[in-house]
Amino acid sequence: EETDEVVERPLAPVAMTLGRDAECSIRIDSLKASRRHCRIEPTADGGHVVVDLGSTNGTWVNGRRITG
């Protein structure tokens, strides 16, 4: 049974890929996630951006669907 469990992890100063694939930096054990779902990239000012990697169900941040 899948849940919408929220897990918090510190962000690394390098790009991290999220998805079901074993090669991902952060694995998501859910059929709602694509094998390579999205990537979190650090920015020069110390922030981070989320980039969708063409996921089937889309990537949502704070209730908004992101593109690209």
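**View 1. Ala 33 and the residues that it touches.** Not counting residues up to four places away in sequence, Ala 33 touches Arg 20 and Ile 28, where contact means heavy atoms within 4.5 Å. This is a predicted model, in which local features need pLDDT of at least 70 and side-chain atom pairs count only at pLDDT 80 or more, whereas totals for chains, interfaces and linings use all residues. Residues are numbered from 1 along each chain as its sequence is written, and side-chain values use heavy atoms, with hydrogens and water left out. Ala 33 lies in the loop between strand 2 and strand 3; strands (E, at least two residues) are DSSP runs, numbered from the N terminus. With a relative accessible area of 7%, Ala 33 is buried, a word that stands for under 20% relative accessible area with a 1.4 Å probe and protein chains only. Although Ala 33 and Arg 20 are 13 residues apart in sequence, their C-alpha atoms are 6.4 Å apart in space.

View 2. Four strands form an open sheet in the order 2-1-3-4, and the pairing is mixed. Strand 2 (26-27) and strand 4 (48-52) stand at the edges with a single partner strand each, so one side of each is left without a neighbour in the sheet. Two strands count as paired if DSSP finds at least two bridges between them. Strand 1 and strand 2 run parallel and are joined by two bridges, with Leu 18 standing opposite Ile 26 in strand 2. Strand 1 and strand 3, by contrast, pair in the antiparallel sense over three bridges, and Thr 17 has Arg 39 in strand 3 as its bridge partner.

**View 3. The hairpin of strand 3 and strand 4.** Strand 3 (residues 38-42) pairs with strand 4 in the antiparallel sense over five bridges, and the bridge partner of Pro 42 in strand 4 is His 48. The two strands form a hairpin with five residues between them, and Gly 46 in the turn has a positive phi of about 95 degrees.

**View 4. Strand 1 and the largest nonpolar core.** Met 16 and Leu 18 point one way from strand 1, while Thr 17 and Gly 19 point the other way, and all are buried. For Gly 19, the relative accessibility is 0%. The largest nonpolar core is made up of five residues, Met 16, Leu 18, Ile 26, Cys 38 and Ile 40; such a core is a set of buried Ala, Val, Leu, Ile, Met, Phe, Trp, Tyr and Cys residues joined through side-chain atoms within 4.5 Å. Among the residues that Ile 40 touches, not counting those up to four places away in sequence, are Leu 11, Val 14, His 48 and Val 50.

**View 5. The largest pocket and its lining.** About 1100 Å³ of space lies in the largest pocket. Of the 29 residues that line the largest pocket, Glu 5, Val 6, Val 7, Leu 18 and Ile 28 are the closest to its centre. On a 1 Å grid over the protein atoms alone, a pocket is an open set of points where a 1.4 Å probe fits, with protein on both sides within 12 Å along at least five of seven lines, and lining residues have an atom within 4 Å of a point. The largest share of the lining, three residues, comes from strand 5.

Definitions and conventions
Grid points are joined across faces, edges and corners, and a volume is the space filled by probe spheres set on the points. Buried means under 20% relative accessible area, exposed over 50%, partly exposed in between (1.4 Å probe, protein chains only).
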